[in-house]
Amino acid sequence: MAVYLDNAATTRPCEPAVSAVFQNMVEDYGNPSSLHGMGITAEKNMTEARKAIAAALVCDPQCVTFTSGATEANNTAVFGAAKNYGKRKKKIVVSALEHPSVAEPVKYLEENDGFEVIRVKPSRGGIIDPDEFIAAVDENTCLASCMLVNNETGAVQPVRKIFSAVKREFPECVTHCDAVQAFMKMPIKSAELFADVMVVSGHKVHAVKGVGAMYIRKGIRIAPLLLGGGQEKGLRSGTESVPLIAGFGAAVRALMPTMKVAHENAEQIREYLLKKLSKLDFVTVNSDSESCSPFITNFSVQGIRSETMLHYLEENEIYVSSGSACSKGAHSSVLTAMGISDDLADSAIRVSLSRTTTMGEIDLLVNALQNGYMSLAKKKK
Amino acid sequence: MKELIIFKEGEIALKGLNKRSFEDAFIRNLKHRLSPLGKFGYERAQSTIYAIPMSEDIDLDEAVERGAKVFGAAALCKAAVVEKDFEEISRKAIEYIKETAEISRTFKVEAKRSDKKFPMKSPEICMELGGRILEAYPHLTVDVKNPQMVVTVEIRDTAAYIHAGNLKAAGGIPVGTSGSALLLLSGGIDSPVAAYMMAKRGVKLSAVHYVSPPYTSERARMKVERLCEKLTPYCGDIAFYCVPFTKIQETLRDNCPEEFFTIIMRRLMLEIAQRIAEEKEIQALVTGESVGQVASQTMGAIVCTDAVCRMPVFRPVIGMDKTEIVEIARKIDTFDISIEPYEDCCTVFTPKHPKTRPVPAEVEKAQNSFDFEPLIAEAVRDTELKVVKLE
């Protein structure tokens, strides 16, 4: 049996999600904008999904906009906020940890539209210092962005502390939070985070790929990326992908009641994993368990490049991620930003749990790591 | 920390010997609204009503949000219940206001001491607690004139209560204390606002809507249902009557002079509404008319439509400008739904040049050119009822 430990990359769609997708493809395939009954059914199904997402974020369904995924939602948030609020205020403050779907739009604004960008670096543990972030925000800042759970290390960021202070001092500054790795893994209350815009993704929570959602607080005006038929209140033109949206809603509705149990379970599994890893002297854990989501653990295997270990594990049907997305020699910006040495960053592995991960699977992983280290380290010599 | 929600009575505190029945109605409505969140106990003392959560896992923020829409209270707030000991009070207060303190820059402390046995006087409590809050939150400064955060300590007979400021509640008097009325709900901006205003004065509302398929779509009816849903937090459950109106409109088109279409249609609508009202023992009608807004709402037109009425017709937005109505519609969150562009029965067969100064006798004559009675009876008979419940 394959051991899938790459759930931060994507998850296996759950049964309710799959059947909702199917239902909305073969039966309820109307266009939600159509005036006739089939259109109405499609719209109803979408409304149900919207309600489910809203309940999970503890907000009004009207604040939820569906997109093609978190990347589109993050792009819309950054560009849309900059367009409406950044005409005179040309400064953006972001954490240095952001996912590329936030970091790249911000970089584009810096290079092409004359925005000044402050990237707040994390501490060694991968956490942003709230005071440092807050100090960087001033009356010229149109957008402050900080993710809730880092996708590489699992570090939970003090978003509430940062955004509450930002909102207190500069109520006009738009606060944006990429909550993709936190959604359905820890309780999120939109109001308590003081985030004006929050972004979540479907396929990270056992729905299918190609759908995401953004929460936009009432009164915040985000300019759309796409113009057209004015769907989603003009924020996201284009016929809504009803099957994927319905699947997203079904997954959230199905998993929501057991979120707390799943979290506790993940904590136990993580504890078990860390205990096992601590016995391997060639492993250095990069995630700080005190402040990290239990679903993500990042560690380095001394002297073995991430990709080599990843492929070794793959041969044993164990699927993980290379902790540093070191494409073409570039190190993971997150691990580097944390001040982790190049050697460790080059050998980082990310293990991400799902609700169904078992201790037996952890045993298989740890055994394989041990064997892998033995054989790979030997080969190297 | 033990928490509860405090509701300060407004107008109902003045109801003399009837006060208790108003309080009963308020608590009944509140209970209906809060019970989906979990079990609450209710107590009343000194023109204040306390909603006490019976278990720990109840979402009190949501409860406050819901409670703020129940008519009958002037203000409400979430409060911490603490022992009547100053050390305890200040320690808990600092912890309790954390959230609000984080987003405020200025504050003041207010103290109310109805238990005169408490050793410190109100000004002393204010000064001493203010000092401690300043120590705990160095970013705050005191501003007694226009503070962003007001920390209130109430020393009552039973316990001390701490809260960080009163929220404005819905005002008005409890729904159900002022009889009942049937609202003519079209789907536009004005009628939901009219409903809100009548409910604020304690009127229990039902709604009637007219559909003319195929001239109007299913979506138009659903839109009105969604409007009802938006009203339920204020009005409670709404009995929603849906009247099939196609035949009447087609007959009107074929038999009456065009310039009288709208006015006769309004008269027929009111006739059907009051028959439903009479049958259900509803006392009055409510419409969202604003005088002079459109041709059917000129003084002349209102005189002509009122001529068929045997019961009072209330028009709570009669003297309001559109902008004022829109402001309320936004507040009660019906505006976005109201402006959705679906054809409704009022816009079917609209005459090009409606009479703005119709004469009752002429209208009567035009209407009498056809016997609408069987059609009216049929429409009333085929009316569908759906109860729109609070979510």
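Chain B of this predicted model contains an open sheet of 6 strands with mixed pairing. Across the sheet, the strand order is β14-β13-β10-β11-β12-β15 (chain B). The edge positions are taken by β14 (313–314) and β15 (384–388) of chain B, each of which pairs on one side only.

**Strand pairing in the sheet**
- Strand β10 of chain B, residues 180–184, pairs with strand β11 of chain B, residues 204–211, in the parallel sense.
- This pairing of β10 and β11 in chain B runs over 5 bridges.
- L183(B) has A207(B), in β11(B), as its bridge partner.

**Helix across the sheet**

**Contact between the chains**
- The contact between the chains involves 7 residues of chain A and 8 residues of chain B.
- On the side of chain A that touches chain B, α2 (37–57) and α6 (159–169) of chain A each supply at least two residues.
- Helix α6(A) gives the largest share of that side, 4 residues.
- By class, the side of chain A that touches chain B has 3 nonpolar, 2 polar and 2 charged residues.

**Confidence**
- The average pLDDT of chain B is 92, and 100% of the residues in chain B score at least 70.
- For the complex, the predictor gives an ipTM of 0.72 and a pTM of 0.84.

Technical notes
Residues are numbered from 1 along each chain as its sequence is written. Chains are lettered from A and ligands numbered from 1 in the order in which they are written. This is a predicted model: local features need pLDDT of at least 70, side-chain atom pairs count only at pLDDT 80 or more; totals for chains, interfaces and linings use all residues. pLDDT is the predictor's confidence in each residue, from 0 to 100. Two strands pair if DSSP finds at least two bridges between them. Two residues are in contact if their C-beta atoms, placed from the backbone, lie within 7 Å. Ala, Val, Leu, Ile, Met, Phe, Trp, Tyr, Cys and Pro count as nonpolar, Asp, Glu, Lys and Arg as charged, and the others, Gly among them, as polar.
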